[in-house]
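Visitor: Could you walk me through this one? I would like to start with what the terms mean.

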Amino acid sequence: IPQFGASCLISDMTTVRVNLSKGFRSPTIRELFMFKPANPDLQPENMWNYEAGLQQKFLGNKISVDFTGFYIKGDNLIETTGVFPDVENRNTGSFVHYGVEFQGKYFIIQDLEVMLNYSWLHTSKPVIAAPEHMVFAEGNYNIRGFRFNLSLQYINQLTTQVNPELVTGSYLLLSTRMSYTYKDLVTFYIDGNNLTDQSYEINYGYPMPGIAVMVGVVIDWRSGNS
């Protein structure tokens with residue numbers, strides 16, 4: 001699995017990079033041996049990845065943006081084929097994926113930052129767990145041991161099933177977290193997840209929970225002894 005990469009620091013604020021790599025994914029135990037679709041003769045998926053990116057900073061590193069474009073070409077994509085109960089995992093041939101990614105970060109003040117990530121993915125054939133568009137935004141604010149976090153995630157056209165019919169879904173998740181750390185030893189936190197009470201699935205047939213709240217305590221003994 002060779003890999004080659006290079007980056008060039010054009011200035012203190014600008015960096016460009018390129019990357020060429022080969023990779024593979026071995027079939028899982030489930031795909032090989034467990035349950036009806038299993039096929040012990042599956043071959044690993046393999047691919048070549050071509051990538052180029054640009055990172056730019058502004059206002060003395062207070063703002064940073066990163067753009068990446070990628071092109072992936074591979075073989076032996078593993079898919080579940082057929083119609084239940086006559087189904088089987090098979091290597092279904094070549095595939096091509098390409099897309100772009102963007103990441104931005106802005107330190108508004110020393111203790112307040114916002115981040116935004118966006119990705120667009122095109123696939124030559126539907127792939128499970130691969131959304132077409134994904135947006136993630138969050139803000140963090142720290143003050144006197146308190147940390148406040150608010151995040152928003154949008155998933156568009158997430159493929160959850162390919163056979164016997166194509167199933168996709170889109171959803172918007174709003175989450176928050178508030179924590180307080182005492183002397184780097186004890187952290188108390190409260191999490192609120194899926195506050196918009198969205199009905200969605202990441203894996204087909206397994207609905208995700210609605211509004212969920214969790215309270216907890218984390219003790220870091222290493223920090224206390226240092």
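Guide: Buried means under 20% relative accessible area, exposed means over 50%, and partly exposed lies in between, with a 1.4 Å probe and protein chains only. This is a predicted model, in which local features need pLDDT of at least 70 and side-chain atom pairs count only at pLDDT 80 or more, while totals for chains, interfaces and linings use all residues. Residues are numbered from 1 along each chain as its sequence is written, and side-chain values use heavy atoms, leaving out hydrogens and water.

Visitor: OK, what share of the 226 residues is buried?

Guide: Buried residues account for 27% of the 226 residues in the chain.

Visitor: And what is the radius of gyration of the chain?

Guide: Taken over C-alpha atoms, it is 22 Å, whereas a compact globule of 226 residues would have a value near 17 Å, by the rule of 2.2 Å times the number of residues to the power 0.38. The C-alpha trace spans about 60 × 45 × 35 Å along its principal axes.

Visitor: Switching topic, how many helices and strands are there?

Guide: The chain has 2 helices and 15 strands, counted as DSSP runs (H or I of at least four residues for helices, E of at least two for strands) and numbered from the N terminus.

Visitor: What does strand E1 pair with?

Guide: E1 (residues 3-11) pairs with strand E2 (residues 14-25) in the antiparallel sense over 8 bridges, where pairing requires DSSP to find at least two bridges between the strands. The two form a hairpin with 2 residues between them, and Ser7 has Arg17 in E2 as its bridge partner.

Visitor: How many of the 9 residues in E1 are buried?

Guide: The count is 0, and strand E1 is hardly covered.
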